[in-house]
Amino acid sequence: MSSVQPRALRIAPSILTADFGRLAEAAQAAEEGGADLWHLDVMDGHFVPQMSFGAPVVEAIERATAMPIEVHMMVADPAAQFAALAEAGADTLVFHIEAGGSSDDIAGTLEQAHATGCAAGVAVSPDSGLDLVEPLLASLDEVIVMTVHPGRGGQQMLVEPLEKVRRLRGLVEAAGLDVVLEVDGGVKAHNAHLCVEAGADTLVAGSAVFNPDETPQQALSTLRRVLAGG
Ligand code: DX5
Ligand code: ZN
């Protein structure tokens with residue numbers, strides 16, 4: 001039986017669909033709305049076709065709010081960015097197993113991420129299995145299970161990858177490990193419960209929080225309500 005206390009459910013807004021012309025304001029609205037941590041999507045235009053932002057925006061968010069920052073690194077050479085992102089204020093660095101080579105390579109990259117003083121984890125795209133992740137579970141602080149194909153905010157959630165969350169939750173519990181299990185992609189008020197039921201303890205919410213129809217405060221309050229069974 002796991003001796004690790006279950007984690008309280010956390011909501012991690014992604015800023016990809018926020019108004020970048022008023023980013024600090026948007027960030028402060030999400031903090032005011034009770035978000036738990038930032039999920040900042042760094043994209044290099046190589047690992048994914050899109051580019052998003054890098055260390056300067058991470059630093060701007062770090063200055064704008066007091067929330068912890070995890071950086072979701074959709075980049076081809078994650079180790080090259082670790083120092084700059086840690087310096088900019090990242091607390092957790094999560095890179096993709098699809099950019100990481102073999103299990104040994106990934107273990108080495110994890111070590112480099114940990115050497116910055118940050119927590120470190122891996123992200124798994126929808127078409128990838130867990131065979132590269134499972135041998136590393138004891139060294140991971142976090143696993144992000146992607147429920148959209150990386151590159152854009154505002155996509156529909158793919159539910160099949162939730163099976164990976166279920167499997168990881170079983171492995172983590174059986175081994176008594178304390179690993180953040182996060183779902184990233186397409187999380188909305190109507191499907192968030194599926195992620196929690198699968199065993200996720202952290203939910204990324206991008207367009208659910210930053211959209212033209214409601215304020216981040218309203219969006220976060222709705223998410224909390226439905227997750228509380230309201
Ligand atoms: C997609 C990113 C996700 C995305 C989430 O590549 O990794 O974090 O921004 O946005 P929504 O919640 O709108 O899918
Ligand atoms: Zn992400």
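1. Buried here means under 20% relative accessible area, exposed over 50% and partly exposed in between, with a 1.4 Å probe and protein chains only. By that cut-off, the buried residues of helix α2 (residues 55-64) are V57, V58, I61 and A64. Seen down the axis of α2 these buried residues fall within an arc of 125°, so they line one face of the helix, the arc being that of the directions from the helix axis to the C-beta atoms. On the other side of α2, P56 and R63 are exposed. The cover over the buried residues of α2 includes α1 (23-32), β2 (38-43), β3 and α3, where contact means heavy atoms within 4.5 Å.

2. This is a predicted model, in which local features need pLDDT of at least 70 and side-chain atom pairs count only at pLDDT 80 or more, whereas totals for chains, interfaces and linings use all residues. Residues are numbered from 1 along each chain as its sequence is written, chains are lettered from A and ligands numbered from 1 in the order in which they are written, and side-chain values use heavy atoms, with hydrogens and water left out.

3. On the overall fold, the protein has seven helices and eight strands; helices (H or I, at least four residues) and strands (E, at least two) are DSSP runs, numbered from the N terminus. For 230 residues a compact globule would have a radius of gyration near 17 Å, and the 16 Å of the protein agrees with this; the radius is taken over C-alpha atoms, and the globule rule is 2.2 Å times the number of residues to the power 0.38. The C-alpha trace spans about 45 × 40 × 30 Å along its principal axes, and buried residues make up 50% of the 230 residues. Of the contacts with a separation of 6 or more, 67% are accounted for by residues 24 or more positions apart.

4. The protein donors of the zinc ion (ligand 2) are H39 (NE2), D41 (OD), H72 (ND1) and D184 (OD), which lie 2.1 to 2.2 Å from the ion; donors are N, O and S atoms within 2.8 Å of the metal (3.2 Å for Na, K and Ca), and sites may look incomplete because water is not among the atoms. Along the chain these donors follow the spacing H-x1-D-x30-H-x111-D. The pair H72, in strand β3 (residues 69-74), and D184, in strand β7 (residues 180-184), links distant parts of the chain, 112 residues apart. H72 is buried, with a relative accessible area of 1%, and D184 counts as buried at 7%.

5. Helix α4 (residues 103-114) has twelve residues that should span 16 Å at 1.5 Å a residue, and its end C-alpha atoms are 16 Å apart, which agrees; the expected span is 1.5 Å times one less than the number of residues. The buried residues of α4 are S103, I106, T109, L110 and A113. These residues cover an arc of only 120° around the axis, which puts them on the same side of α4. D104 and E111 are exposed on the other side, and what covers the buried residues includes α3 (82-88), β4 (92-96) and β5 (119-124).

6. In helix α5 (residues 162-175), the buried residues are L162, K164, V165, L168 and V172. Their arc of only 135° around the axis puts them on the same side of α5, and they pack against β5, β6 (142-146), β7 and α6 (192-198). G176, whose phi is positive, near 65°, follows α5.
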